[in-house]
Amino acid sequence: MSSAQLFYAINLLVYAGVDIIACLGLSQQFGVAGVTNFGFIIFQAAGAYTAAALSLPASSANGGFQSYLGGWNLPWPIPWIAAAAAGGLVALPFAFLVGRRLRGDFAAVGLLVTAVMANLLVTNYRPLLNGSAGLSLVPAPLQGEYDPQGQGYQWLYAAGTLVLAAAAFWLVRRVTESPYGRSLRAMRDNDMVADALGKNLLALRAAMLVLGGALAGLSGAILVGFINLWAPSAWGYAETIVLFAAVIIGGAGNHRGAVLGAILVPVGFEEATRYIPPFGPPGLVEDLQWVAIGLLIVVFLWFRPQGILPERRRLTGGADGATGRLVTRSAPSTAGSADGGVMLRTADLTRDFGGVRAVAGVSIEVRRGTLTGLIGPNGAGKSTLLALLAGTLPASAGQVVYAGTDVTALPAYRRARLGLVRTFQLASEFKRLTVMENLLSAVPAHRGDSLTGALRGRRYWRADEEAATARARALLERFGLSRYADTYAGDLSGGQRRLTEIMRALMTEPSLLLLDEPMAGVHPRLAREIGGQLLGLCAEGMTILMVEHELAIMDEFCDPVIVMAEGTVLASGTMATLRARTDVVEAYLAG
Amino acid sequence: MSLFLASAGFGLVTAAVLAIAAVGFTMQFAVTDVLNLAYGAVMIASAFVAYAVNQAGASVWLGALAAVAAGSAGSVLLNLGIYTPFRRRGSAPVTMVIVSLGMTLIIEFGLQAIVGGTSVSYTMGQGPTLKAGGLVLTAVQLVIIGLSVVVMGAVHALLRYSKLGKAMRATAANRSLARACGVRTDRIVTLTWALTGALCGLAGTVFAMNNGSFGATSADLFLVVILAAVFLGGPGQAYGAMAGAVIVGLATEISAAYLTPSYKDVVAFGVLLVVMAARPGGVLGAVA
């Protein structure tokens, strides 16, 4: 190899390492947590600028032809560490965009325009970071002690970059292959349901923004330390799309796929075009390169949306018939004394949608240990009431008191953590999680279900995982779904999905379970079986409020039953007494 | 005061261009639920169709007609060829946005590969300059404002009084329910893309006229301004987009007069982020 070829090889290795680190950060955000960060490149830029500003000497000492902030001439590795920190910190404020109930595509567009604008600002405002000319003569790490042009230094730089890429891989893998990673994937598949199961979406998404941002910042620092310059043209908004293309083509949700994508797209694809003999007017090859990136994205999303290396299925191994208790949570202590056996009470609960009052001043009580039914014609406000009780929707007026505590102002995930858990009328399984993972995702207070817990490793949370798995196996056995443990929930039949959802809700160890038509689309025989199971759970101390259309089910299992019509409570009592009331029969039973 | 009035004049022209663009964008979103980020690219591609006609020796206004036709046909193709198949497959909204971003690259840089990277201008006279009470506008700028007012009136009449407009509103509100009520939703969606594509083509041409010179990537920043107007008015709300266009158009140009012109789009960006953070359903939507 000539020295020019050698230099080129080193270049490729460094670029590969930088792109791998960036793609791993994006893969963690987009592929694992479902945060579509169209502004990803901002955070790489933040890292690169931070590293540059900290390692550059004061601007006058550097010839005075550039103007920039910083210029503190700090020794390596401080600029790199600060770059990673800056990438993470700059990302944090965007949590307000992705963490709120803003549609994922709206948030993505918000981040995209932020990237466009950040570039515009840095380009036009020269005092900040030398404007469109950018920063040059950025010192290489330790360039006082060693010669950055020397071959030994260059090899070490490439090797160091690859070591950091490996470390980044280890980090994102450890986070993803943990109970915390399972929560992230659950949020990605269905965030509203994850919320209802006690996942704090804002905290999860903020953590992913920061983690991905830190990796992006580090990649920027490595790059600027190698090429010694950084300018707005290096981080146009479209560069993010190249990274997205890499992650989508490699396989979103699979970190090996991100590595492969980084090697194929930003490195392989862009380098390959160097070998095409130049043709046409200047700029044509670059234009066609962008067209090709666009085509790659659209074609892959159509023909192979899972990427070259799809996310792999997490298997739990065969069932070993372990048994565990279904209900372990002790009932909240304040409940029995303060509210005399009343588990849930609402006062004048109201919800308006525009001009429509879907729930109009509902006051009900649900007593401990009962299987309370909730019936009413379509549009009576049953599902809306359930959403208000669980906190999926905020109330327009009124009060929800659960176990003696006013929870009206609490978000859904906080109520779920108190043991007030709901299921949904529409299918709400986490499609790309197995049935077992769906169940495990709901386990409360799992040691591995936090970022720090995940980082401490399997040994720290193994005991919790084993206990939870045993409990999940017992549930699967009880509901007869043991052999589907390792099946993707998205591949189940309608009835099996309902069962999975009920089991998942039970995994949270609820004190009060809100079920929205759990038997819809389920075979009648199975429906009666479920009813029996629910009665058994109530006998063990659980309280259940169930919306159901099938009156035979109400007759057989529910007592008392609440009847709703047009947003208000019409009556409540046993089915026998309700059948005797003409207004109830007219409103619902006859119709 | 004269600075204010002069910039308000520019603001009115920008608002006129923006209103045409934003109404088209928001109506596409209303019926298809796709934030079509390739909208700006289609705008500029249409502007180049007008340029080709103009270069062939015809009037730029004839070119504008060709741009309207091209924008309409291009948008229908984009929807039928790309978005509808993805939507039929049940792709998530986020996937659709990624697809639309991919289409942006394809259209924009495909166009640049054809027309080259340099900016061009229409061959046209600006007409006499008219002054009225401090406002200074060229005849062309007045025509743009007039065109925009006529287009807004037509959109209003369409949505309010025509059967097609009612069907469009029904499809936007709830597609499956509309279909159940006998609305041929697929046809309505295609017609909507044809109409909004026409608005997109017109917007591209008047944007290019108002800009003076334009290149294949000129609409990148303007898309941010369109998004600001759309989100301010509430995504999917045609009347909201009109009001949003007036506010954002005036705000960007008036602030440009007092700040540096290179930062004028930052105002639109600020509006967009604040609205997204505080009222993602739009500020004007409920009122309009």
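Visitor: Which residue in β3(B) does B:Lys131 stand opposite?
Guide: In this predicted model, B:Lys131 has B:Val136 of β3(B) standing opposite.

Visitor: And how do the two strands there run, parallel or antiparallel?
Guide: Strand β2 (residues 129-132) of chain B and strand β3 (residues 135-138) of chain B run antiparallel, and they are joined by 4 bridges.

Visitor: What sits between the strands in that hairpin?
Guide: There are 2 residues between the strands of the hairpin of β2(B) and β3(B), and in this hairpin B:Gly133 takes a positive phi near 55°.

Visitor: Which residues have a positive phi although they are not glycine?
Guide: A:Asn73 is one of them, with a positive phi of about 55°, and A:Glu517 is another, with a phi of about 50°. You will find A:Asn73 in the loop between α2 and α3 of chain A, while A:Glu517 belongs to the loop between β8 (512-516) and α21 (524-539) of chain A.

Visitor: Changing topic, where are the cis peptide bonds?
Guide: One of them joins A:Trp76 and A:Pro77, with omega at about 5°, and another joins A:Asp559 and A:Pro560, with omega at about 0°. A:Pro77 is in the loop between α2 (40-55) and α3 (78-91) of chain A, whereas A:Pro560 is in the loop between α22 (551-557) and β10 (561-565) of that chain.

Visitor: What about A:Val35, where does it lie?
Guide: A:Val35 lies in the loop between α1 (3-32) and α2 of chain A, and it counts as buried because there are 29 other C-beta atoms within 10 Å.

Visitor: Which residues is A:Val35 in contact with?
Guide: If we leave aside the neighbours within four places in sequence, A:Val35 is in contact with A:Gln29, A:Phe30, A:Val98, A:Arg205, A:Met208 and A:Leu209. There is also A:Gly104, which is 69 residues apart from A:Val35 in sequence but 7.3 Å apart in space, taken from C-alpha to C-alpha.

Visitor: Back to chain B, how do helices α2 and α8 cross?
Guide: The axes of helix α2 (residues 39-55) and helix α8 (residues 185-211) of chain B come within 7 Å and cross at roughly 70°, so α2(B) and α8(B) are described as roughly perpendicular to each other. The crossing of α2(B) past α8(B) is right-handed.

Visitor: Which residues meet there?
Guide: On the α2(B) side they include B:Tyr39, B:Val42 and B:Met43, and on the α8(B) side they include B:Cys200, B:Gly201 and B:Phe207. By class, the residues of this contact are 10 nonpolar, 4 polar and no charged.

Visitor: And how many residues of chain B are in contact with chain A?
Guide: On chain B there are 34 residues in contact with 33 residues of chain A. Helices α4 (93-115), α9 (219-233) and α11 (264-278) of chain B each supply at least two residues of the chain B side, and α4(B) gives the most, with 16 residues.

Visitor: What classes of residue make up that side of chain B?
Guide: The side of chain B that touches chain A has 25 nonpolar, 7 polar and 2 charged residues.

Definitions and conventions
Residues are numbered from 1 along each chain as its sequence is written. Chains are lettered from A and ligands numbered from 1 in the order in which they are written. This is a predicted model: local features need pLDDT of at least 70, side-chain atom pairs count only at pLDDT 80 or more; totals for chains, interfaces and linings use all residues. Two residues are in contact if their C-beta atoms, placed from the backbone, lie within 7 Å. Ala, Val, Leu, Ile, Met, Phe, Trp, Tyr, Cys and Pro count as nonpolar, Asp, Glu, Lys and Arg as charged, and the others, Gly among them, as polar. Axes are lines fitted to C-alpha atoms, for helices over the stretch in contact, and angles run from 0 to 180 degrees between N-to-C directions. Angles under 35 degrees count as roughly parallel, over 145 as roughly antiparallel, 65 to 115 as roughly perpendicular and the rest as oblique. A crossing is left-handed if the near helix is turned anticlockwise from the far one by less than a right angle, and right-handed if clockwise. Two strands pair if DSSP finds at least two bridges between them. A residue is buried if 20 or more other C-beta atoms lie within 10 Å of its own, exposed if 12 or fewer, and partly exposed in between; C-beta atoms are placed from the backbone.
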